[in-house]
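I opened a new model today and kept notes on what I looked up. Here they are, in the order I took them.

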Amino acid sequence: MRRSSVTDTLAVVKNSLRIVPEHFEVDLPRSRAVQLFKEFVELIEIETTAYCNRTCSFCPNSFLDRRTIRFMPDDTWQAILAGMREVDYDGTVVWSRYSEPTSEKGITERIKQVKEAAPNCRVCINTNGDYLNAGYLEQLADAGVSRLWIDTYVDDMKEYTREIAEKANGKLLKRLKLEGELVESNPEYAYHIIHPRIEITNHVRNVVTMIANDLSDRGGLISIARKAIRNSPCYAVFKHLVVDWDGSVMPCCQVRSDSPKHKDVVLGRIGDGGLDLVTAYLQLATWREPLSSYGEKLGVCSTCNVSDYQTSLVNITASKLLTANNAPVKALRKFAGSIINKKQRY
Ligand code: SF4
Ligand code: SF4
């Protein structure tokens, strides 16, 4: 959904000010690299199983295999925990990617391990809700989950109506033994579910609402999505770290190591050649230059509409001026520190 021009400009200003020269260096002394990670990474997105029980038409899982059950190797998992411990990670950890996190029976144990390694982090799960019930929800809350984003998928073949959405939402509420309140109904039904310990939102979706919400083309994989002509910056590579189930480090959430079309964008595998969370974040330096400002984007970014900021004179000028590492920008960065350094909650 399109953001307002003011919101876009504020995002460009904030993110531009948060770009520092070290973001473009692959080799940094370990202590500075740890500091950089701690200061700038606000989202670690992972999956610890490959499996998803669905093959939604608008998802690359409709043609890439995610029905085979495979789990993250233990050495990779331990390396991820060690990385979070080393940086005393205090951002968000989200189970998402292209698997169904709650299909993995051991997920509650993994969440507890994350909370032990990084007690100040926030744990979130994006789920299709198929495995959830009242008891499972309590186990997730006990383990330390702060937020659940549920996407309830309804049949593509039926027309998307409020009646269908209400029925699907009602079934979920019954299963969870919870109540809540409507957030919005158009173009998609969204419902806030009230739980004492977890923030829960349910979105009832199908291909109709996904297209209405400007579905992303997932790095060129989804043909029914709009093909944007990407010109605006993308700040994901400055503040996110994305790891697939086999430990593959990806430049962003849009691309996937199991697509032959994205093989070349895999940055490495956690555990291979000493790659860990901190060095993986440094590796993203190779992606940052073209994405730090306005201009033509290439490869998987060329048609990406994710956080595609408006190409206005104000935004282009702000992006250009505020990414220059000169004395006035340094002073502004210092002055605005308490605002720009606040990590986004996901
Ligand atoms: S959209 Fe979600 S539920 Fe559907 S196939 Fe993809 S990962 Fe699975
Ligand atoms: S522009 Fe899109 S594909 Fe490129 S890094 Fe950003 S989110 Fe990923």
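I began with the strands and found an open sheet of ten, in the order 5-6-7-4-3-2-1-8-9-10, with mixed pairing. Strand 5 (180-184) and strand 10 (268-269) are the edge strands, each pairing on one side only. For my own reference, strands pair if DSSP finds at least two bridges between them. Strands (E, at least two residues) and helices (H or I, at least four) are DSSP runs, numbered from the N terminus.

A note on what I am looking at: this is a predicted model, where local features need pLDDT of at least 70, side-chain atom pairs count only at pLDDT 80 or more, and totals for chains, interfaces and linings use all residues. Residues are numbered from 1 along each chain as its sequence is written, while chains are lettered from A and ligands numbered from 1 in the order in which they are written.

**Around strand 6**

I looked at strand 6 (residues 189-193) next and found five bridges to strand 7 (residues 199-205), with the two running antiparallel. Ala190 stands opposite His203 of strand 7. I then saw helix 6 (residues 162-176) lying across strand 4 (145-153), strand 5, strand 6 and strand 7, at about 20° to strand 6. Angles here run from 0 to 180 degrees between N-to-C directions, and axes are lines fitted to C-alpha atoms, for helices over the stretch in contact.

Most residues other than glycine have a negative phi, and most peptide bonds are trans. I found a cis peptide bond between Asn186 and Pro187, with omega about 5°. Pro187 sits in the loop between strand 5 and strand 6. Asp214 has a positive phi, near 60°, and I placed Asp214 in the loop between helix 7 (207-212) and helix 8 (236-239).

**Helix pairs**

How do the axes of helix 4 and helix 5 cross, and at roughly what angle? I got roughly 20° for helix 4 (residues 107-117) and helix 5 (residues 134-143), with the axes coming within 8 Å. The two are therefore roughly parallel to each other (angles under 35 degrees count as such). Thr108, Ile111 and Lys112 of helix 4 meet Gln139, Leu140 and Ala143 of helix 5 (contact puts C-beta atoms, placed from the backbone, within 7 Å).

Helix 3 (residues 74-87) also packs on helix 4, at about 30° and with the axes 8 Å apart. I therefore noted helix 3 and helix 4 as roughly parallel too. Leu81, Met84 and Arg85 in helix 3 meet Gln113, Val114 and Ala117 in helix 4.

My last pair was helix 1 (residues 5-17) and helix 11 (residues 313-322), whose axes come within 9 Å and cross at roughly 10°. That makes helix 1 roughly parallel to helix 11.

**The ligands**

Which residues surround ligand 1? I listed Cys52, Arg54, Thr55, Cys56, Cys59, Asn61, Tyr98, Glu100 and Asn128 (near means a C-beta atom, placed from the backbone, within 6 Å). By class, this shell has four nonpolar, three polar and two charged residues. Ala, Val, Leu, Ile, Met, Phe, Trp, Tyr, Cys and Pro count as nonpolar, Asp, Glu, Lys and Arg as charged, and the others, Gly among them, as polar.

Ligand 2 has 13 residues around it, and Cys234, Cys252, Gln254, Cys301 and Cys304 come nearest. I counted ten nonpolar, two polar and one charged in the shell around ligand 2.

Key. Parallel < 35°, antiparallel > 145°, perpendicular 65-115°, else oblique. Contact = placed C-beta atoms within 7 Å.
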